[in-house]
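Subject: Structure for your review

Dear colleague,

Please find the structure below.

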Amino acid sequence: MTDIAARLLDGKALARSLQNEYKKRIATLEPKIGRPPGLAVLMVGENPASAVYVRNKERASSKVGIASFGQHFPVTVTQTELEVAIDLLNADDCVDGILLQLPLPSHLDATALLYRIRPEKDADGLHPVNLGRLVRSEPGLRSCTPAGVMRLLAEYDIDPAGKRALVVGRSILVGKPMALMLLEANASVAIAHSHTSASDLCDLARKADILVPAVGKAGLIGPELVKPGAVVVDVGIVRVTNPDGSHHLTGDVDFDGVSRVASAIAPVPGGVGPMTVALLLENTITSWVTSWERRRSEAHAAL
Ligand SMILES: Nc1nc2c(c(=O)[nH]1)N[C@@H](CN(C=O)c1ccc(C(=O)N[C@@H](CCC(=O)O)C(=O)O)cc1)CN2
């Protein structure tokens, strides 16, 4: 039998309670604003994992009262067609958040499309204006997965200040913004990546008080890489095909082994994934309120 010592950082439960708060907030503000918040999730092609995530995002939106303006494009869609779709959503006053589900097929330039989304509607926090605000520690829309990790740590009273944190992975979606958010919270942050040697990864990981692997490699982090008492937040997503053809999800961390060494652990599934969706809803609500406030102050100024 598995002897679990670590506290479970339950992202699923926290995401559920955040969604209840969002629902109440929307119900209170909607009569004043005169319309619900709107979110457009753009998906291209038939990637089965993306289809699940997009469905989760749309379901969660509908639960809290966010209107969906999602569009699903065939894998043959062109860059120009997507640019036109983004331009129309940028101009649509009922749409507060726009998200381009990643990855995109290789004939498309994802960066150019992400840059085309108006920063005020960038619900994913991936536009360079929002990433730049993060670098400067200014308010702005923050990338959902790392923001979800920070919220999960806060919920369990884990303060990164003065702690050694190691982020494994340097993607623009998770690794880089994650390192910046931990730095903003006053951790001493290191980043390991594909060019980090196995022995350096081992040294850095064993010194880390907070370990955040975000690579997508099952079993990358075993108990031998974890400092006793460390907090481990698994952000890796690995979709494993079962012998019968069905799938299950796992992360970068050997959950059973690491649970015996760590003081707290966020699992996959049930950890950061649901928090990613919750923070997307939160960003959309923030954009909704901000655009309403902007319009109100413009209307006052025009009087
Ligand atoms: N534009 C974006 N694309 C992608 C992002 C992103 O943040 N923005 N992140 C990942 C996938 N992702 C969000 O899109 C995501 C991953 C996982 C989950 C989640 O809820 N996982 C559940 C299990 C879900 C299931 O398979 O049933 C869990 O971990 O418990 C949500 C969103 C790549 N693309």
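In which sense do strand E10 and strand E11 pair, and over how many bridges? Strand E10 (residues 238-241) and strand E11 (residues 247-250) are antiparallel and pair over four bridges; strands are DSSP runs of E with at least two residues, helices are runs of H or I with at least four, and both are numbered from the N terminus. Two strands count as paired if DSSP finds at least two bridges between them. Val240 stands opposite His248 in E11. The hairpin of E10 and E11 has five residues between the strands, and Gly245 has a positive phi near 95°.

Please note that this is a predicted model, in which local features need pLDDT of at least 70, side-chain atom pairs count only at pLDDT 80 or more, and totals for chains, interfaces and linings use all residues. Residues are numbered from 1 along each chain as its sequence is written.

The ligand is surrounded by 20 residues, the closest being Tyr53, Leu102, Pro269, Gly273 and Thr276; a residue is included if its C-beta atom, placed from the backbone, lies within 6 Å of the molecule. Helix H10 (272-302) is one of the elements that supply at least two residues of this shell, and H10 gives the most, with four.

Finally, Val212 touches Val149, Ala165, Val167, Val168, Met178, Val233 and Val235, not counting residues up to four places away in sequence. Contact requires C-beta atoms, placed from the backbone, within 7 Å.

Yours sincerely

Key:
Contact = placed C-beta atoms within 7 Å.
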